[in-house]
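Me: I am new to this structure and would like to learn how to read it step by step. Could you take me through the main features?

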Amino acid sequence: MGLLIYFVIGTLFGIGITKSEIVSWFRIQEMFRFQGIEMYALFATAMPVAIITVQIIKRRQLRTLDGVPVAIPAKQNGTRYISGGILFGIGWALTGACPGPLFALVGSGATALLATLAAALLGTWTYGRLRHVLPH
Amino acid sequence: MIEALTSPWPWYIAGPLLGLFPAMLLLAGNRLLGVSRTLRHMCALAGAREFRTSAADWRAGGAWNLAFAVGILCGGFLAGTVFANPEPVAISDATRASLSALGIESFSGLVPADLFSWSSLLTWRGAAIILGGGFLIGFGAAWAGGCTSGHGLTGIADLQLPSLVALVGFFLGGFVGTYVLLPLLLA
């Protein structure tokens with residue numbers, strides 16, 4: 001049961017990002033070129049819903065299904081967000097995909113994205129090797 | 001009936017639905033939505049010392065992530081294969097013209113077959129986009145400590161400033177990729 005709920009939520013998330021076509025290279029290109037409002041309208045509706053629901057959970061100090069109080073660790077400030085973010089953004093524009101969509105696209109039959117997923121794993125591993133010399 | 005299942009979801013349906021996921025995962029078990037973490041756990045599983053965690057850590061943090069990622073894959077299969085939208089993604093005419101000018105000819109499916117096929121991987125430009133782009137996704141997300149889901153949805157939902165900074169970085173990099181690298185690679 002423990003893992004099943006995450007599998008089910010993951011499946012719903014995969015259906016959502018695929019059916020909204022935000023996993024599409026075409027849609028991401030339209031966004032970065034400011035040639036359509038679809039992605040921005042989606043962000044503008046997803047973000048307030050995410051903010052309001054998470055803030056309600058925090059303010060009301062709601063508990064998880066197992067009765068544990070919900071706690072979100074705060075992120076440390078640093079330069080890693082802009083440096084890592086820019087590199088990530090370049091990869092996002094080239095492939096039109098980010099980690100979630102990579103899994104969804106492979107599932108949708110775009111199997112060449114398996115090579116992108118493998119390269120992303122290599123990139124993650126390389127970061128792990130270089131972590132101690134990179135500024136954060 | 002079939003059309004209702006195959007047609008894409010407009011932003012005013014998909015946006016609010018996707019916005020619910022950070023809260024769902026928090027309530028399900030204090031989990032933070034973020035898929036790049038899955039890549040780190042997969043590296044740990046493959047034996048990378050840098051990401052190795054104890055067995056207890058794996059049960060607490062790794063297993064659910066993998067179950068979630070397998071779910072996304074199944075969701076992609078259901079929405080993108082079984083109930084796939086038969087129409088091309090409805091991008092604007094301007095985008096279609098811009099991409100045609102870059103030499104994109106195939107506009108069907110979620111990704112252009114010109115670029116994302118196994119035969120494209122054998123060309124230097126295909127490899128640069130498929131593998132180089134993939135490498136940057138993994139490296140950049142690990143460095144930034146999150147990706148579009150972890151920073152863009154979860155971090156923003158928790159009103160964390162570092163996530164907003166990361167999101168600015170994502171777009172700055174995206175502009176470099178779109179306006180500088182793609183034209184160079186596809187020239």
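Me: How many helices and how many strands are there in chain A?

Reply: Helices (H or I, at least four residues) and strands (E, at least two) are DSSP runs, numbered from the N terminus. In chain A there are 6 helices and 0 strands, and chain B comes to 9 helices and 0 strands. Please keep in mind that this is a predicted model, in which local features need pLDDT of at least 70 and side-chain atom pairs count only at pLDDT 80 or more, while totals for chains, interfaces and linings use all residues. Residues are numbered from 1 along each chain as its sequence is written, and chains are lettered from A and ligands numbered from 1 in the order in which they are written.

Me: What percentage of the residues of chain B count as buried?

Reply: A residue is buried if 20 or more other C-beta atoms, placed from the backbone, lie within 10 Å of its own. Of the 187 residues of chain B, 51% are buried by that rule, and for the 136 residues of chain A the share is 52%.

Me: How many residues does the contact take from chain B and from chain A?

Reply: Two residues are in contact if their C-beta atoms, placed from the backbone, lie within 7 Å. The contact takes 109 residues from chain B and 98 residues from chain A. Elements giving two or more residues to the chain B side include α5 (55-82) and α9 (161-186) of chain B. That side has 74 nonpolar residues (Ala, Val, Leu, Ile, Met, Phe, Trp, Tyr, Cys and Pro), 3 charged ones (Asp, Glu, Lys and Arg) and 32 polar ones (the others, Gly among them).

Conventions:
Buried ≥ 20, exposed ≤ 12 C-beta atoms within 10 Å, placed from the backbone.
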